[in-house]
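Please keep the sequence and the coordinates in view while reading.

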Amino acid sequence: MSESQRWFLLITSIVAGVLVYLLAPILSPFLVGALLAYLTDPVADRLEARGLGRTQAVVLVFVMLTLLMVISVLLLIPQLSEQIQTMIRQVPAVLDVLHNRLLPWVEQTLGVSFSRPDIESVRQLVREHWQQTGNLAAQLMGGLTRSGLAVVGWVANLVLIPVVTFYLLRDWDVMMANIQHLLPRNLEPKVTLWARECDEVLGAFVKGQLMVMLALGIIYAVGLWIVGLDLALLLGMLAGLASIVPYMGFIVGIVAAALAAYVQFQDPVILAWVAAVFGVGQALEGMVLTPLLVGDRIGLHPVAVIFAIMAGGQLFGFVGVLLALPVAAVIMVLLRHLHQGYKSSRLYTSDQPDQSGEVE
């Protein structure tokens, strides 16, 4: 790489970062559309390979994706709204269990003392406002209605996402080829290799892990529903979403489900059934889901995922959260190549080659 190319890449990276920072408020629908296009492009490629034109394949994928999202919203939103209200009604009972049973047991076992919150005040607050909180969607829509500019921005973003997704998906392969042709010829092979490795990392984590999260959410929700838990769908989805970090979904889900089950049934035996549900889910994740959906492809380390998401949110808000994983994947690939270059350099081996020409 020549000196001018290094300066060009550095200046381009700085300008891109500044533009992302300045344009962050309007980038969300474009980034969500790009993510959806990236995730569905392999499906469109397979349909195209079977004889469909690119536009026909994209229209078919787009229709299926739209139907899936509409059906999911129509089926899940009413159930989730009802379960959120049920959860809010159970908050006083949960606080009572924590205050009168769990904290005394922890204090007695560990020999420590905790300051107790004013349970009655919290219970009274929840009792007075749970109906308003449960009707959160109506309040949100009312607030948006009172602010015309907010409504326009909200509707515009919702409309832009499918439009951007459709056009990006239709032209995805063309855009990738054009970007490849714009690369300096001496850098094109190496950058293409790095891009493939970045795609491998993102494919292993984003595509595979999203499928694992969805499958775990269904497994946990169905299992808790069989047990008889009122909040089965809500807690199953919570555990599935938390599974973006390995073992986090298991820990968050089993703690929340155990507490909700004990409050609902007031029977310690139910905890064994909750543990069985999450034990089965964890076993299926390790032995079936992860090997099948993710395989042995290189993924991002859980700590790297947490740090990337938090750093992106801190620097660029929601746009930073959307960009966190792609940027982390690129950094991971660059660090791996930097590590390989360092291991083969004289800084790591020796300053003096031996007589055979090899580094000592």
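F278 is buried, because its relative accessible area is 0%, where buried means under 20% relative accessible area, exposed over 50% and partly exposed in between, with a 1.4 Å probe and protein chains only. The model is a predicted one, in which local features need pLDDT of at least 70 and side-chain atom pairs count only at pLDDT 80 or more, while totals for chains, interfaces and linings use all residues. Residues are numbered from 1 along each chain as its sequence is written, and side-chain values use heavy atoms, with hydrogens and water left out.

**Overall fold**
- The protein chain holds 12 helices and zero strands, these elements being DSSP runs numbered from the N terminus (helices: H or I, at least four residues; strands: E, at least two).
- Of the 360 residues in the protein chain, 29% count as buried.
- Taking contact to mean heavy atoms within 4.5 Å, 70% of the contacts between residues at least 6 apart in sequence join residues that are at least 24 apart.
- The accessible surface comes to about 22,500 Å², of which carbon and sulfur atoms account for 71%, with areas computed by the Shrake-Rupley method with a 1.4 Å probe and, for residues, only the protein chains shown counting as cover.

**Aromatic pairs**
- Five aromatic pairs are counted when rings of Phe, Tyr and Trp (its six-membered ring) pair if their centres lie within 6.5 Å, with planes under 30 degrees apart taken as stacked, over 60 as edge-to-face and the rest as tilted.
- The pair of F62 and F166 is edge-to-face, because the ring centres are 5.6 Å apart and the planes lie at 85°.
- This pair links distant parts of the chain, since F62 belongs to helix 2 (residues 54–110) and F166 to helix 5 (residues 148–170), 104 residues apart.
- F166 has a relative accessibility of 18% and therefore counts as buried, and ring pairs link F62, F166 and Y167 into a cluster.

**Nonpolar cores**
- A nonpolar core is a set of buried Ala, Val, Leu, Ile, Met, Phe, Trp, Tyr and Cys residues joined through side-chain atoms within 4.5 Å, and the largest one has 22 residues, with L169, L202 and L325 making the most contacts inside it.
- Helix 1, helix 2, helix 5, helix 7 and helix 12 each give two or more residues to this core, and the largest share, five residues, comes from helix 7.
- Leaving aside residues up to four places away in sequence, L202 touches Y38, K207, L325, P326 and A329.
- A second, separate core has 20 residues, among them L216, A232, A261 and I270.

**Helix 12**
- The 26 residues of helix 12 (residues 318–343) should span 38 Å at 1.5 Å a residue, and the end C-alpha atoms are 38 Å apart, so the two values agree; the expected span is 1.5 Å times one less than the number of residues.
- A kink of about 40° lies at A324, shortly before the proline P326, the bend being the angle between axes fitted to the seven residues ending at a residue and the seven starting there.
- V319, G320, A324, L325, A328, A329 and V333 are buried in helix 12, and the buried residues of this helix pack against helix 1 (3–49), helix 7 (188–227) and helix 11 (302–316).
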